[in-house]
Amino acid sequence: HAPRLQRRVWDNRRMPRPIQALIHLDALAHNLARARAAAPDARVWAVVKADAYGHGIERAYEPLRAADGFALLDLAEAERVRALGWRGPVLLLEGVFEARDLELCSRLNLWHVVHCEQQIDWLGAHKTHQPHRVFLKMNSGMNRLGFTAAALRTAWVRLNALPQVDEISLMTHFAEADTPGGVERQMAAFDAATRDLPGERSVSNSAALLGHPGLRSDWVRAGIQCYGSAPDHPQHDAAHWGLRPAMTRRTRLIATQSLATGEAVGYGGAFRAEAPMRIGIAACGYADGYPRHAGTGTPVLVDGVRCRTLGRVSMDMLAVDLTPVPAAAPGSEVTLWGCGPGGSVLPVDEVAHAAGTLGYELMCALARRVPVTITAPAD
């Protein structure tokens, strides 16, 4: 499922090191289309919080503007989306953080989540000529934000009585959308608490959208799936859901070394050679956003061939076992995750799993010193 584009060229800009991140615009558009196909009767939020999961709001905007709205976290990101020319719905997923935030919500026509009594108090004191569209959030089991089932109705009555509030939608967030029975339990609690309340519903996140396509939701929230990561990995990989990598991290080998039996690699001697072997040193480390806790065995591609990392990740470098690719030399391409040469693909979820984390974290951890290049479909 590599993007069709993949001209194997490197950015011509002056770079201090060969490391690079590629953002695949056609993959973003494809993944959003997969979300819409999974919920053809619903409207789709493209979730662009955390700077579009590390991909950059400005970069992701064009391929994701086929969505019905953008959902994000803070006012600065909302301003960026409006500055790009978006005039459709924009939803603040955690609502406002202080009373004065409502002024910008009024000015930018932002929809916002209400998850606590204080936010209702702020709305009641807010002076506005245009009533606000709000999404009343229920805590159906996640136990982060939202009103309990017992408190939800009182919150709805308070909001409905405010002249500052126009339409009230209802939402919840699934804590266990990738575990058996998780969605059913939370959905039953949500349905029971909201059964006779009017308003649109937003319940499905990426995991529920893909794993429970028959779930009724007027608005679905397509987050991590837009960026080519499987929300239920390792149960399923991205290819199972028809998703394509939207980000590639790649670098090059800058040196090779030959180890004798018993010789160690890197800090602390965390890996020792059991036999003579040849290793490569790649220009990537934790200062570039690669996970420091990725130990020996984390997969990488060298010239499109699957290899493994060795020892501890350093600030600027990591070591790679070149046994599967004896012809590798300084300058050989190293795919840290994403699309490699010759149509090869290394899923970000697989790298993250080996490092004991999630693809979300790896994407969001893109360091500022890593140059970013946008790729578009080949002509």
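Which side chain meets that of arginine 158 in a salt bridge? The partner is glutamate 117, with N and O lying 2.4 Å apart. This is a predicted model, and every value here is computed from it.

Where do the two partners sit? Arginine 158 belongs to helix α7, which covers residues 149-160. Glutamate 117 belongs to helix α6, which covers residues 117-125.

Now take accessibility. Arginine 158 has a relative accessibility of 30%, so this residue counts as partly exposed. Glutamate 117 is partly exposed too, at 34%.

## Other salt bridges

How many salt bridges does a search of the whole structure find? The total is 19. One of them joins the side chains of glutamate 176 and arginine 185, with an N to O distance of 3.8 Å. Glutamate 176 has a relative accessible area of 35%, which makes this residue partly exposed.

Another salt bridge pairs arginine 216 with aspartate 218. Their closest N and O atoms are 3.5 Å apart. Is arginine 216 buried or exposed? Its relative accessibility is 54%, and exposed means over 50%, so arginine 216 counts as exposed. Aspartate 218 reaches 22%. Buried means under 20%, so aspartate 218 is partly exposed instead.

## A linked network

Some salt bridges join up. Which residues form a network of them? Arg17, Asp288, Asp316 and Arg369 are linked in this way.

## The largest pocket

Next comes the space in the structure. The largest pocket holds about 820 Å³. Its lining is made of 35 residues. Which of these are the closest to the centre of the pocket? They are Lys49, Arg144, His173, Asn205 and Tyr360.

Which element supplies the largest share? Helix α10 does, with three residues.

## What lines the pocket

What kinds of residue make up this lining? The lining of the largest pocket has 18 nonpolar residues. Lys49 and Arg144, both among the residues closest to the centre, belong to the charged group. Tyr360, also among those closest to the centre, counts as nonpolar.

Key. Residues numbered from 1 in each chain as written. Predicted model: local features only at pLDDT ≥ 70, side-chain atom pairs only at ≥ 80, totals over all residues. Heavy atoms only, no water. Salt bridge = Lys/Arg side-chain N within 4 Å of Asp/Glu carboxyl O. Helix = DSSP H or I, 4+ residues; strand = E, 2+ residues; numbered from the N terminus. Buried < 20%, exposed > 50% of the residue type's maximum accessible area, 1.4 Å probe, protein only. 1 Å grid on protein atoms, 1.4 Å probe; cavity = no way out; pocket = protein on both sides within 12 Å on 5 of 7 lines; lining within 4 Å. Points joined across faces, edges and corners; volume = space filled by probe spheres on them.
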